[in-house]
Amino acid sequence: MTVSERIRQQMELRGLSYGELAAATGLAKSAIHRYATGETGKIPTEALEKLAKALGVTPAYLTGWEERPHTLAAHFEGEEFSEDELREIENFVRFVKSRRK
């Protein structure tokens with residue numbers, strides 16, 4: 001999986017648009033689009049770090065250095081969560097976001 005594929009996957013998992021991710025990172029929406037589509041091959045380290053933080057994963061996961069995403073939830077208060085529990089957490093987050101107006 002490429003960096004751009006991982007960015008798109010994490011955006012989809014979290015239900016984030018390019019605009020929402022731009023607001024969360026301070027990066028231009030057009031730059032994020034280029035990174036997520038693979039139009040731009042090299043992503044500056046600072047941008048990669050901001051994207052990873054906003055997506056709740058590590059920069060190492062986005063670059064492919066880590067095979068599995070280490071999400072913020074997986075390490076919340078020193079607690080380890082199973083894959084099923086992480087999916088439940090993500091589903092709950094989607095539910096809460098869907099109730100926003």
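I take contact to mean heavy atoms within 4.5 Å.

**Entry 1: ground rules**

I am looking at a predicted model, where local features need pLDDT of at least 70, side-chain atom pairs count only at pLDDT 80 or more, and totals for chains, interfaces and linings use all residues. Residues are numbered from 1 along each chain as its sequence is written, and side-chain values use heavy atoms, with hydrogens and water left out.

**Entry 2: overall make-up**

I looked up the elements and found six helices and zero strands. I noted how these are assigned: helices (H or I, at least four residues) and strands (E, at least two) are DSSP runs, numbered from the N terminus. From the N terminus on, the order is α-α-α-α-α-α. I then checked burial, where buried means under 20% relative accessible area, exposed means over 50%, and partly exposed lies in between (1.4 Å probe, protein chains only). Of the 101 residues in the protein, 30% are buried. Among contacts between residues at least 6 apart in sequence, 48% join residues at least 24 apart.

**Entry 3: helix α4**

Which residues of α4 are buried? I found Ala47, Leu48, Leu51, Ala52 and Leu55. Seen down the axis of α4, these buried residues fall within an arc of 135 degrees, so they line one face of the helix. The arc is that of the directions from the helix axis to the C-beta atoms. The buried residues of α4 pack against α1, α2 (18-25), α3 (29-37) and α5 (59-63). On the face turned away from the buried side I found the exposed residues Thr45, Glu46 and Lys53. Gly56 follows α4, and its phi is positive, near 75 degrees.

**Entry 4: α1 with α4**

I looked up how α1 (residues 3-14) and α4 (residues 45-55) pack: the angle is about 30 degrees and the axes are 10 Å apart. That makes α1 roughly parallel to α4. For the angle, axes are lines fitted to C-alpha atoms, for helices over the stretch in contact, and angles run from 0 to 180 degrees between N-to-C directions. Angles under 35 degrees count as roughly parallel, over 145 as roughly antiparallel, 65 to 115 as roughly perpendicular and the rest as oblique. The crossing of α1 and α4 is left-handed, meaning the near helix is turned anticlockwise from the far one by less than a right angle; clockwise would be right-handed. From α1, Val3, Ile7, Gln10, Met11 and Arg14 meet Leu48, Leu51 and Leu55 of α4. By class, the contact of α1 with α4 has six nonpolar, one polar and one charged residues. Here Ala, Val, Leu, Ile, Met, Phe, Trp, Tyr, Cys and Pro count as nonpolar, Asp, Glu, Lys and Arg as charged, and the others, Gly among them, as polar.

**Entry 5: α2 with α3**

I found α2 and α3 packed at an angle of about 115 degrees, with their axes 9 Å apart. They are therefore roughly perpendicular to each other. The crossing is right-handed. The contact is made by Tyr18, Gly19, Leu21, Ala22 and Thr25 of α2 and Lys29, Ile32, His33, Ala36 and Thr37 of α3. I sorted the residues of this contact into five nonpolar, four polar and one charged.

**Entry 6: two single residues**

Is Ile43 buried or exposed? At 18% relative accessibility, Ile43 counts as buried. Ile43 is found in the loop between α3 and α4. Leaving aside neighbours within four places in sequence, Ile43 is in contact with Val3, Ile7, Tyr35 and Leu48.

Ser30 is found in helix α3. At 42% relative accessibility, Ser30 counts as partly exposed. The C-alpha atoms of Ser30 and Tyr18 are separated by 8.2 Å, with the two residues 12 apart along the chain.
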